[in-house]
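Open the model in your viewer and keep the selection tool ready. We will go helix by helix.

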Amino acid sequence: MSETIEASIHVTLPELIRLQADARALRLPGARPVRSRQPGFQRSARRGRGMAFAEVRLYQPGDDIRSIDWRVTARRQTPHTKLYEEERERPILLVCDLGPSLFFASQGAYKQVRCAQLAAILAWLALGAGDQVGGIVCDGLQVVVQRPARRKKAVLQLLDTLARLQRQAPGPVGAGPVTDQQSGGLDQALQEARRVAHTGSRIFVISDFMTTSPETTTLLGALSRHNNVHALRIVDPLEQHLPDSGRFAVAGPEGPIWFNAGDRQFREAWAGRLDRHEQALATCFRTAGVLPAVVSTIDAPAHSLQGLLGPRGRID
């Protein structure tokens with residue numbers, strides 16, 4: 001389904017709400033089941049949602065006698081044991097970068113739109129699985145923090161923030177180029193994530209990672225030490241492969257920047273810068289212990305996540 005020009009630049013709250021339908025076809029990993037022979041017999045390190053009956057199986061040596069299902073045992077004339085299942089809470093935290101570099105696309109939808117759409121689908125998936133959902137949204141000027149909660153109202157608040165903080169024009173109003181060392185950058189959002197995230201959380205960092213700093217690796221590493229951290233990197237085809245020829249313009253902080261795609265020196269300089277950036281990001285993610293995935297601006301967000309989520313909903 002093709003996107004209108006306006007929808008490809010800026011996504012609205014109603015559009016993010018409608019992505020709940022796309023989320024129904026996907027599933028995040030629910031809380032990991034923990035089998036126990038007796039309710040309360042094995043205590044989880046995390047706060048659980050309680051014990052639920054899972055199944056009955058044949059009695060095995062070592063089973064607690066209190067777990068024997070006497071009705072099934074009498075009916076089948078062989079001892080049977082009850083098994084219970086405990087669901088552990090694993091909050092979902094979405095770190096969403098809507099900085100100036102994400103107000104861009106040569107094809108498909110702008111990066112900021114894909115970021116908001118990916119976050120919305122993940123939030124709906126988490127809520128459907130009964131998980132707490134929280135978010136941290138940065139736009140280069142500010143960082144908005146929403147602690148994880150298991151309520152639809154919390155998801156709607158996060159989606160509203162994603163819709164409000166998107167840009168309508170290039171660059172932050174009244175400011176120059178933004179780096180991560182400045183207030184409102186990705187690094188500050190990651191610092192907030194360290195403060196908000198509970199041990200054992202699943203954290204999705206959604207960004208184009210165009211303005212990373214040495215501190216980014218440290219912050220990501222600190223998060224991944226006690227959580228599962230996934231980096232969803234949004235890329236545009238133009239960033240990966242230049243056209244063979246022609247003059248093109250891209251938006252810059254001081255107006256359009258023109259380049260000749262057929263110029264040999266320009267292509268070599270572009271390829272060198274791209275290679276250095278790719279190597280730096282690969283080193284960053286590897287050192288930090290983060291699982292990276294690439295999402296293109298030309299791909300529908302639900303389709304992108306379908307390829308990233310494994311059989312149990314885990315990002316590969």
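Axes here are lines fitted to C-alpha atoms, for helices over the stretch in contact, and angles run from 0 to 180 degrees between N-to-C directions. Helices (H or I, at least four residues) and strands (E, at least two) are DSSP runs, numbered from the N terminus. This is a predicted model: local features need pLDDT of at least 70, side-chain atom pairs count only at pLDDT 80 or more, and totals for chains, interfaces and linings use all residues. Residues are numbered from 1 along each chain as its sequence is written, and side-chain values use heavy atoms, with hydrogens and water left out.

**Stop one.** Select helix 8 and helix 10 (residues 264–288). They pack at an angle of about 30°, with axes 8 Å apart. That makes helix 8 roughly parallel to helix 10 (angles under 35 degrees count as such). Now show the contact (heavy atoms within 4.5 Å). Helix 8 brings Thr 217, Leu 220, Gly 221 and Ser 224; helix 10 brings Cys 284, Phe 285, Thr 287 and Ala 288.

**Stop two.** In helix 7, pick Asp 187, Leu 190, Gln 191, Ala 193 and Arg 194. Among their partners in helix 8 are Leu 219 and Leu 223.

**Stop three.** Move to helix 6 (residues 152–164). Which of its residues are buried (under 20% relative accessible area, 1.4 Å probe, protein chains only)? They are Ala 154, Val 155, Leu 158, Leu 159, Thr 161, Leu 162 and Ala 163. Their packing partners include helix 5 (111–128) and strand 5 (133–138).

Notes
Expected span 1.5 Å × (residues − 1). Buried < 20%, exposed > 50% of the residue type's maximum accessible area, 1.4 Å probe, protein only. Parallel < 35°, antiparallel > 145°, perpendicular 65-115°, else oblique.
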